[in-house]
Amino acid sequence: MGMKRCVVPSILLMLALQAALLVAGDVDAILLPSQGQDEAAMAAKKRPWKCCDQAVCTRSIPPICRCMDQVFECPSTCKACGPSVGDPSRRVCQDQYVGDPGPICRPWDCCDLPLCTRSNPPTCQCMDEVDKCAPTCKTCLPSRSRPSLRVCIDRYFGPFPPACTPSEAVAAGGN
């Protein structure tokens, strides 16, 4: 009796697989998502932007990326530059690129004391006092309250910067 219970599902599974092959037709025509020739053909060979803070990438390997940063003027390497949906006075490069979206643009990796406008996206400045400014910071000045520390006074137009200190540490009083 136990043997019949195993044989029937096995036969049904084999018949289902045969039916799936018949419906699929030519097996060579089945493509993996990473083989999407249309998207890859439209993508630029060289990254059209120098840096990007708002990269939107597929989960494929390699990823196909677009940089959604809103700028006043697209870089000369951008082939398709269109108006931003959120702010028509700004522009967004519509090009796609296959590979890593590149480095971030903001002059700091993270910030615990951001000073940002209420515009969307905001213009931000990081008021963190640090031992040494990031290499991407253009204007690094001594802190007013503690001259031994430094503050990067660069302004950045884009998304709110991530915090350097985990929120759990701030809540516990650590900094």
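**Disulfides, sheets and a pocket**

Modeller: The structure holds 10 disulfides. The model is predicted: local features need pLDDT of at least 70, side-chain atom pairs count only at pLDDT 80 or more, and totals for chains, interfaces and linings use all residues. Residues are numbered from 1 along each chain as its sequence is written, and side-chain values use heavy atoms, with hydrogens and water left out.

Biologist: Why is the pair Cys78 and Cys93 called a disulfide?

Modeller: The term requires a pair of cysteine sulfur atoms within 2.5 Å. The sulfur atoms of Cys78 and Cys93 are 2.2 Å apart, so the pair qualifies as a disulfide.

Biologist: What makes this disulfide right-handed or left-handed?

Modeller: The torsion about the S-S bond of Cys78 and Cys93 is about 105°, so the disulfide is right-handed.

Biologist: Where in the chain do Cys78 and Cys93 lie?

Modeller: Cys78 belongs to the loop between S2 and strand S3 (81-83), and Cys93 to strand S4. A strand here is a DSSP run of E of at least two residues, numbered from the N terminus. With 15 residues separating the cysteines, the pair links distant parts of the chain.

Biologist: How do you know that S1 and S2 pair?

Modeller: Two strands pair if DSSP finds at least two bridges between them. S1 and S2 have three bridges, so they meet the criterion, and the sense is antiparallel.

Biologist: What is the peptide bond from Ile61 to Pro62, cis or trans?

Modeller: That bond is cis, its omega being near -5°. Pro62 is placed in the loop between strand S1 (55-57) and strand S2 (64-67). As background, most peptide bonds are trans.

Biologist: Why does S1 count as an edge strand?

Modeller: The sheet is open, with three antiparallel strands in the order S1-S2-S5. S1 and strand S5 (97-98) each have a single partner strand, so one side of each is left without a neighbour in the sheet. S2 and S5 are antiparallel and joined by two bridges, with Ile64 opposite Val98 in S5.

Biologist: What makes S6, S7 and S10 a sheet?

Modeller: These three strands form an open, antiparallel sheet in the order S6-S7-S10. Its edges are strand S6 (114-116) and S10, each pairing on one side only. On average, neighbouring strands of this sheet are turned by 30° against each other, direction ignored; the axes are lines fitted to C-alpha atoms, and angles between N-to-C directions run from 0 to 180 degrees.

Biologist: Which residues line the largest pocket?

Modeller: A lining residue has an atom within 4 Å of a point, and 29 residues line the largest pocket. Cys51, Asp53, Asp69, Val71 and Cys105 lie nearest its centre. Strand S4 (91-93) and strand S10 (155-157) are the elements giving two or more residues to this lining, and S10 has the largest share, three residues.

Biologist: How do the lining residues divide by type and by domain?

Modeller: There are 15 nonpolar, five polar and nine charged residues; Ala, Val, Leu, Ile, Met, Phe, Trp, Tyr, Cys and Pro count as nonpolar, Asp, Glu, Lys and Arg as charged, and the others, Gly among them, as polar. Domain 1 (55-98) and domain 2 (114-165) each give at least three residues to the lining, with bounds from an automatic or database domain assignment.

Technical notes:
On a 1 Å grid over the protein atoms alone, a cavity is a set of points where a 1.4 Å probe fits but cannot get out, and a pocket is an open set with protein on both sides within 12 Å along at least five of seven lines; lining residues have an atom within 4 Å of a point. Helices (H or I, at least four residues) and strands (E, at least two) are DSSP runs, numbered from the N terminus.
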